[in-house]
Amino acid sequence: MALNIPDAPQRRTMTAWIAGVLTLLVAVAVVAVTPTRANAATFVDLGTAESFAVLAGSTVTNEGNSVVTGDVGVSPGTAITGFPPGTVVDGSIYAGAAAAGAKADLGTAYNDAFGQPTEFNLSAAPVTPTLIPGTYAVTSGLLVTGTWTLDAQGDPDAVWVFKVPAGLTTASGSSIVLQNGAQACNVFWVTDESATLGSGSTFVGTLMALTSITVNSGATIEGRVLARNGAVTLNNNVITRPECETTTTTTGDAATGDAATGDAAATGDAAATGDAAATGDAAATGDAAATGDAATGDAATGDAAATGDAAATGDAAATGDAATGDAAATGDAVGGHDCDCSKKPGKPGHHDKPGKPGHDKKQGKSGKHDARKAHVSH
């Protein structure tokens, strides 16, 4: 007699196996065609050059009432002129060997910026582009005209690196603006020649030039001008070294923690529901308040109150030692305690609050201390 074994289970197993393989192949294909930002721009570490708003190789020259926030330095040169009338705020002036370390770190940062892989290409003179974070490069010199917008898309850590191999120029009155969380501290411009910023222009970011940098009259910079080998020339400018803003939280101990809803605030021991507040031991439900020792505790319904030892049912009261106890009928003393409770003191931290027997001076609680691509218009 031959056994009749159905092959349906085998078919189901084979079908499930094929489905699994197909699922895996689809997943691999999706990963293969999904774009990634392997070449995303990374922050350029300036080392000790970070504290400088102006740094040059040969000379720093200022004309007029420029205001520089940050250090000013030159090395290996030693000549820095025009301060005063120019002023240095929140910084110092360094020359020669004193700025040598910063100059060395500038060289490292310059090479880092130029060495980052290119993500996007720019034309020599794009008009009013909006640029997402990334590494941009041009094949020749770059001219900034009109208004450029750097859009961080909500990421405060977004980084831009602009690599310009043949000189950088900004037109008079041009501007670079930050949008959607972009920060000047995360913007870097690097050119292997010189740079010129036009009169009345607004520039953003750290500008590193191999040779020299000229900042024409009235230009404003939220960033740095750092020239490796040549000079930096200023003329009635405002230059402010950028600093990255750090985010702060409002959900800690000072907002929703111990000081707000914690032990010493609204719901804490020293506040609305804490031990020394509305429902705490020294307040509404605390030991010396409404439901605590002063209301239903030791001073109200406790040992020294209505049902306490020194009150209605206490040792020296109605049912205590003074009524049926040792101090009245056979009790030790009138009050049931050694303190004079006829004159109740105030509550300065509960230092003199009468307490239960065995609690000579009960202290009240004082609270616990406890778009993925750049849109470039041509």
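Lys-103 is buried (under 20% relative accessible area, with a 1.4 Å probe and protein chains only) yet has no salt bridge, the nearest side chain of opposite charge being that of Asp-105, 11 Å away. A salt bridge here is a side-chain nitrogen of Lys or Arg within 4 Å of a carboxyl oxygen of Asp or Glu, and Lys and Arg count as positive, Asp and Glu as negative, with His and the chain ends not counted. The model is predicted, so local features need pLDDT of at least 70 and side-chain atom pairs count only at pLDDT 80 or more, while totals for chains, interfaces and linings use all residues. Residues are numbered from 1 along each chain as its sequence is written, and side-chain values use heavy atoms, leaving out hydrogens and water.

**Lys-103**
- A polar atom of the Lys-103 side chain lies 2.6 Å from the backbone oxygen of Arg-228.
- Not counting residues up to four places away in sequence, Lys-103 touches Leu-55, Ala-56, Gly-57, Ser-75, Pro-76, Ala-227 and Arg-228, where contact means heavy atoms within 4.5 Å.

**Helix H2**
- Lys-103 is found in helix H2, a DSSP run of H or I with at least four residues.
- The buried residues of H2, among them Ala-102, Leu-106 and Tyr-110, pack against strands (E, at least two residues) that include S1 (52-56) and S20 (220-227).

**Leu-46**
- Leu-46, in the loop between helix H1 (8-33) and S1, counts as buried because its relative accessibility is 4%.
- The C-alpha atoms of Leu-46 and Asp-105 are separated by 6.1 Å, although these residues are 59 apart along the chain.

Terms used
Buried < 20%, exposed > 50% of the residue type's maximum accessible area, 1.4 Å probe, protein only. Polar contact = N/O pair within 3.5 Å; in protein donor to acceptor, adjacent residues only side chain to side chain.
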